[in-house]
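Here are my notes on the model you passed along. Have it open in your viewer while you go through them.

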Amino acid sequence: MTPIAITSIPYTLYHGTFVHTPSLDQLELKFNALVGVNSEGEIDFVHDEYTLALAPVEFFKQSYPDHHNYTTIEFVDYTKDPTKFIVPGFVDTHIHASQYPNVGVGLGTPLLDWLHSYTFPLENKFSDLDFATKIYTKIIQKTIASGTTCASYFTTIDPNSTNAFADLLLQYGQRGFVGKVCMDHNDTYHAYEEDFASAKESMDKVIAHIEKVNPEGQSLVTPIITPRFAPVCSRELLKYLGELSASRSLPIQTHISENKKEIELVRDLFPECKDYTDVYDQHKLLNQSTILAHAVHLTEDERTVIKNKNCSISHCPTSNTFISSGEAPIKQYLYKDQINVSLGTDVSGGFDLSILGIVKQSILVSHHVAMTEKDSYHQLLLKDAIFMATKGGAIAVGLDNTIGSVEKGRKFDMQLIDLRSYNSNADIFEWQLPSQEDLKEERELKMMNLLGKWIFTGDDRNCVKVWCNGRVILDKSARDERWVMVEPSTSA
Ligand SMILES: O=c1[nH]c(=O)c2nc[nH]c2[nH]1
Ligand SMILES: [Zn+2]
């Protein structure tokens with residue numbers, strides 16, 4: 001995978017099945033949709049059930065006469081194979097780019113020990129730019145290959161490698177939020193901390209760099225204010241970061257209420273605050289651009305504040321299971337508390353870089369919550385999980401008018417799913433395929449079953465093409481060889 005060049009793109013008409021969740025509790029299956037994408041990579045129109053009565057380019061010219069000063073109009077047809085469909089690119093709202101080498105390491109180690117034993121020693125190596133570049137390149141490639149078109153990243157306290165990370169995002173064409181980790185005391189691991197003055201200086205350096213490198217008129221890459229979590233931040237630092245967010249209109253990300261010992265520690269460190277949420281609230285860190293990762297053990301009062309401040313939660317079920325943090329009652333957050341919830345891989349507390357994997361885990365963990373509570377209400381449905389992975393993520397990063405759904409005016413940040421891709425784990429039989437001849441309900445039911453097969457038996461091998469801003473940033477379709485099974489030997 002080589003970095004892409006930013007070039008202009010031709011007006012393109014895509015014809016195929018599109019699946020999206022324009023709002024919570026709403027999943028739309030768009031069979032035979034014709035979607036026009038302009039040279040800015042923006043969706044120009046969405047025409048449902050396009051029947052090919054007219055050639056697509058002719059249809060476009062007649063239906064949208066004032067849209068086409070284009071000399072080239074391309075047509076891409078995905079209707080021939082019903083195992084192919086397009087969904088919005090995933091938004092990973094919580095991922096530590098620097099922790100990639102530790103994926104799969106530390107099973108069952110509680111958060112505070114896990115940070116001390118595995119995480120801080122690794123993050124402390126990122127002042128070595130070669131080391132950092134190797135890891136950062138890999139994680140961007142891997143997340144794109146899993147269909148992530150936008151992610152909110154934590155890097156480390158080091159500003160130079162954080163700037164190199166922003167450069168890599170731009171080179172590979174992934175939309176990203178870059179969070180230089182801020183932490184001005186680290187009582188269990190003094191080798192990895194910064195003082196208040198250098199935290200400020202480093203933030204200035206990162207913000208200035210990102211302003212300089214973003215392409216003209218675009219903000220593919222955005223700095224995000226990142227107090228790591230309350231236990232490693234002084235009141236002075238938290239206050240400064242709250243003010244910086246307000247003065248520069250920058251979003252905020254942090255951790256909250258992941259682990260019970262962590263919550264006790266916050267209570268001891270901030271006795272003047274009512275609870276964990278109040279620590280952030282008192283330092284002006286809670287607003288509609290705040291992403292709170294984990295949020296496993298929130299009280300009712302905390303949920304009320306988070307809702308009233310319009311913050312989003314990043315649910316990280318894989319991490320919450322891997323380092324035994326707990327089970328967040330997400331169905332309740334979404335529907336009863338009406339908090340926006342998105343999904344995070346939380347590499348490397350989480351071992352899976354693919355948001356598709358987190359979709360699966362979120363549903364499974366919700367079934368455990370339902371069993372524990374003896375109430376099936378808590379079970380998340382496919383549509384809930386797809387919402388959190390796409391539109392919910394777009395809301396969390398403040399880009400719901402830009403990405404996350406297949407609607408006019410949104411950027412074409414999409415992924416093409418092929419359930420019969422090379423080496424696919426998913427197996428689909430002919431009679432399971434939706435077709436034009438099916439009655440509406442039958443066709444929709446078959447498509448819902450395909451979505452179930454994608455989520456529970458699919459993986460990144462089924463994500464064969466990825467677009468960001470209308471540009472193809474990954475194309476695996478050249479690798480379409482099929483397995484050849486060796487015939488069983490008949491000779492004795
Ligand atoms: O899952 C987590 N990963 C981290 O790196 C971290 N830092 C504070 N709290 C954290 N939780
Ligand atoms: Zn985290």
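The points below go from the overall picture down to single residues.

1. First, the confidence. This is a predicted model, and the chain has a mean pLDDT of 95, with 96% of its residues at 70 or more. For the complex, the predictor reports an ipTM of 0.98 alongside a pTM of 0.96.

2. On to overall dimensions. Along the principal axes, the C-alpha atoms of the chain fill a box of roughly 70 × 55 × 55 Å. How does the radius of gyration sit with that of a compact globule? For 492 residues the rule gives a value near 23 Å, and the chain has 23 Å, so the two agree.

3. Secondary structure and packing go together here. The chain has 15 helices and 18 strands. Buried residues account for 50% of the 492 residues. Take the contacts in the chain with a separation of 6 or more: 75% of them come from residues 24 or more positions apart.

4. The crossing of α12 past α13 is right-handed. On the α12 side the contact uses I355, V359, S362 and I363, while α13 brings A385, I386, M388 and A389.

5. Another pair to look at is α5 (residues 196-213) with α6 (residues 235-248). Here the axes come within 11 Å, and the crossing angle is roughly 20°. Because angles under 35 degrees count as roughly parallel, that is the label for α5 and α6. This crossing is right-handed. Helix α5 makes the contact with F196, A199, K200, M203 and I207, and α6 answers with E236, L237, Y240, L244 and R248.

6. Most peptide bonds are trans, and most residues other than glycine have a negative phi. Where is the cis peptide bond with omega of about 5°? It joins V347 and S348.

7. For N469, phi is about 60°, and its place is the loop between β17 (463-468) and β18 (471-475). Are N32 and N469 buried or partly exposed? N32 has 16 C-beta neighbours inside 10 Å, so it counts as partly exposed. N469 has 22 C-beta neighbours inside 10 Å and therefore counts as buried, the threshold being 20 or more.

8. Last, Y335, which is found in helix α11 (residues 330-336). There are 14 other C-beta atoms within 10 Å of it, so Y335 is partly exposed; exposed would require 12 or fewer. What separates Y335 from L24 in sequence and in space? They are 311 residues apart in sequence, yet their C-alpha atoms are 8.8 Å apart.

Definitions and conventions: Residues numbered from 1 in each chain as written. Chains lettered and ligands numbered in written order. Predicted model: local features only at pLDDT ≥ 70, side-chain atom pairs only at ≥ 80, totals over all residues. pLDDT = per-residue confidence, 0-100. Helix = DSSP H or I, 4+ residues; strand = E, 2+ residues; numbered from the N terminus. Rg over C-alpha atoms; globule rule 2.2 N^0.38 Å. Contact = placed C-beta atoms within 7 Å. Left-handed = near helix turned anticlockwise from the far one by under 90°. Axes fitted to C-alpha atoms, helices over the stretch in contact; angles between N-to-C directions. Parallel < 35°, antiparallel > 145°, perpendicular 65-115°, else oblique.
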